[in-house]
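Biologist: I would like to learn how to read a model like this one, feature by feature. Could we begin with what the word "buried" stands for?

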Amino acid sequence: MNSKAEISEIVLPNDANILGNILGGKVMHLIDIACAIAAFRHCRKPCVTASIDFLDFKHPIKVGELIIIKASLNRAFNSSMEIGARVFSENLYTGEIKHTSSAYLTFVALDEEKKKPVPVDKYIPETEEEIRRWKQAEIRRKHRLAGIQKVSGIR
Ligand SMILES: CC(C)(COP(=O)(O)OP(=O)(O)OC[C@H]1O[C@@H](n2cnc3c(N)ncnc32)[C@H](O)[C@@H]1OP(=O)(O)O)[C@@H](O)C(=O)NCCC(=O)NCCS
């Protein structure tokens, strides 16, 4: 099943802070796009970002380096899907690649007309790695939904 996406681009000065490092917001934007493509490819329906879990930045990505986002479906639930994203930098002079961030996003498929959540196809993991990510996604979902409930209770 096609439920992956990879995008890359060269970091340009317009996307950088005064230290010459890519802005966090730009990284989030690219993560959102790559994950949306992976989700759309899985369900073949329009989908929206419902949430993004914890995101940290382990290494800066410099102007002139390549930013690479690899996104793949971890698990499809009912109308929602967890997509995992990994971000890398590539130094185009040396070829050195660094893993700079990871994130988990939840996308929800919507009915094109009513704009209401609709069920998506099941995803059957095959490789050992896919099965591991599929199992972990269920645990994260439980924590995520419990966290949302907790926060909405104190609003
Ligand atoms: C996400 C959205 C469609 C959920 O709508 P809703 O009416 O609350 O839907 P439901 O309560 O029926 O839940 C539908 C699914 O979304 C999941 N979901 C809802 N809110 C969620 C959240 N904050 N994080 C993770 N999953 C969420 C539910 O767990 C459920 O999953 P399941 O069908 O796989 O069991 C709705 O809140 C929305 O449209 N948000 C705006 C999305 C958007 O515009 N994003 C772009 C950035 S602004």
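Modeller: A residue is buried if 20 or more other C-beta atoms lie within 10 Å of its own, and exposed if 12 or fewer do. Please keep in mind that this is a predicted model. By that count, helix 2 is hardly covered, with 1 buried residue among its 26 residues.

Biologist: What share of the residues in the chain is buried?

Modeller: Buried residues account for 29% of the 155 residues in the chain.

Biologist: How do I judge the overall dimensions?

Modeller: Compare the radius of gyration with the value for a compact globule. For 155 residues that value would be near 15 Å, and the chain has 17 Å, so the two agree. The C-alpha trace spans about 45 × 40 × 30 Å along its principal axes. As for contacts with a separation of 6 or more, 73% of them join residues 24 or more positions apart.

Biologist: Which residues of helix 1 are buried?

Modeller: They are Val27, Leu30, Ile31, Ala34, Cys35, Ala38, Ala39, His42 and Cys43. These buried residues pack against strand 1 (4-10), strand 2, strand 3, strand 4 and strand 5.

Biologist: Which residues touch the most other members of the largest nonpolar core?

Modeller: Cys35, Ile83 and Ala85 do, in a core of 31 residues. At least two core residues come from each of helix 1 (24-43), strand 3 (66-76), strand 4 (80-90) and strand 5. Helix 1 gives the most, with 8 residues. To see one member in detail, take isoleucine 83: beyond its neighbours within four places in sequence, its contacts are Cys35, Ala38, Ala39, Ala71, Ser72, Leu73, Asn74, Leu105 and Phe107.

Biologist: What should I look for in the backbone angles?

Modeller: Most residues other than glycine have a negative phi. Arginine 44, which is not a glycine, has a positive phi of about 55°. Arginine 44 follows helix 1 and sits in the loop between helix 1 and strand 2. Lysine 115, not a glycine either, has a positive phi of about 60°, and its place is the loop between strand 5 and helix 2.

Biologist: Are those two residues buried or exposed?

Modeller: Arginine 44 is exposed, because it has 11 other C-beta atoms within 10 Å. Lysine 115 also counts as exposed, with 10 C-beta neighbours inside 10 Å.

Biologist: Last topic, the ligand. Which residues around it come nearest?

Modeller: Of the 14 residues around the ligand, Ser51, Phe77, Asn78, Ser79 and Ser80 come nearest. Strand 2 (47-52), strand 5 (97-109) and helix 2 (128-153) each give two or more residues to this shell. The largest share, 4 residues, comes from strand 2.

Notes
Residues are numbered from 1 along each chain as its sequence is written. This is a predicted model: local features need pLDDT of at least 70, side-chain atom pairs count only at pLDDT 80 or more; totals for chains, interfaces and linings use all residues. A residue is near a molecule or strand if its C-beta atom, placed from the backbone, lies within 6 Å of it. The radius of gyration is taken over C-alpha atoms; the globule rule is 2.2 Å times the number of residues to the power 0.38. Two residues are in contact if their C-beta atoms, placed from the backbone, lie within 7 Å. A nonpolar core is a set of buried Ala, Val, Leu, Ile, Met, Phe, Trp, Tyr and Cys residues joined through C-beta atoms within 7 Å.
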